[in-house]
Amino acid sequence: MPADTRTAPAATMAPSRRTASPWVLMYHSVAEFTDPAEDPYGITVTPAALEAQLLWLRSRGLRGVSVGELLRARAAGRAAGLVGLTFDDGYTDYLTRALPLLRRHDCTSTLFVLPGRLGVDNVWDPLGPRKSLLTAEGIREVAAAGQEIGSHGLLHQDLTATADDVLQQELRGSRELIRELTGTLPEGFCYPYGHLDARVVDATRAAGYGYACAIDPGRLAGLHALPRTHVSQADGPGRLRIKQLRHRVQELRRAVQR
């Protein structure tokens, strides 16, 4: 596959730092489970729960899209009714469980993958359970299905605790490996564990990413530290509405801080 090294310039992807961040939802794994002990980190939703959450978005006049698509729509003034959908880590169940539901409900999403851990499992979660990660072929299949592939680094490390050379490998090395897999340099990065500081954010920007996703970046919030809302198995209509309102309140507070 010929390499396409183009990415969307950051200036065309999103409004300025002073503009409120878009609402972006954070998922990880989509799988069946019955006992909360099977999901000690709260990262799994069942297919039925994901479908109900996508239907709730539709009932509110919202459609889930990839972060890249969302930011380009915002830059063009066409983002009304769009919400970002992200899936961290690149689990195999994204391909088998999440993707069919996204297609059914006319949604796209961003899948943040770990090209240094292809076809293995989530060794960074000591409590388990073990969840398999996509192979190179699986990532290519996701990309061919029209979903955005972003980088989650190479090995799922806390980047704030890495030396500068390791940080560069996690950022630039993972970006190049994804280009080799898909033929396109990824626009987006996602900070493992949501951990970031000014050094890491600056390095991410310098590595060429158009945007980066965090969880709660505080004063660092901006195009390269987008806040996200964690979605869990327990999030029905009432909880999702509260989380939507909380996002708006937090953005008002960030605006005041700026």
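Which residues line the second largest cavity? I find Asp89, Gly90, Val113, Leu114, Arg117, Leu118, Leu133, Leu134 and Ile139. I took a cavity as a set of points, on a 1 Å grid over the protein atoms alone, where a 1.4 Å probe fits but cannot get out, with lining residues having an atom within 4 Å of a point.

I note that this is a predicted model, in which local features need pLDDT of at least 70, side-chain atom pairs count only at pLDDT 80 or more, and totals for chains, interfaces and linings use all residues. Residues are numbered from 1 along each chain as its sequence is written, and side-chain values use heavy atoms, leaving out hydrogens and water.

**Cavities.** My search of the whole structure gave 2 cavities of 30 Å³ or more. The second largest cavity has a volume of about 30 Å³, the volume being the space filled by probe spheres set on the points.

**Aromatic pairs.** I then searched the whole structure for aromatic pairs (ring centres within 6.5 Å; planes under 30 degrees apart stacked, over 60 edge-to-face, the rest tilted) and found 4. The rings of Tyr27 and Phe87 count as stacked, because their centres are 5.1 Å apart and their planes are at 15°. This pair joins distant parts of the chain, with Tyr27 in strand β1 and Phe87 in strand β5, 60 residues apart; strands are DSSP runs of E, at least two residues. I record Tyr27 and Phe87 both as buried, meaning under 20% relative accessible area with a 1.4 Å probe, protein chains only. Ring pairs link Tyr27, Phe87 and Tyr94 into a cluster.

Terms used
On a 1 Å grid over the protein atoms alone, a cavity is a set of points where a 1.4 Å probe fits but cannot get out, and a pocket is an open set with protein on both sides within 12 Å along at least five of seven lines; lining residues have an atom within 4 Å of a point. Rings of Phe, Tyr and Trp (its six-membered ring) pair if their centres lie within 6.5 Å; planes under 30 degrees apart count as stacked, over 60 as edge-to-face and the rest as tilted. Helices (H or I, at least four residues) and strands (E, at least two) are DSSP runs, numbered from the N terminus. Buried means under 20% relative accessible area, exposed over 50%, partly exposed in between (1.4 Å probe, protein chains only).
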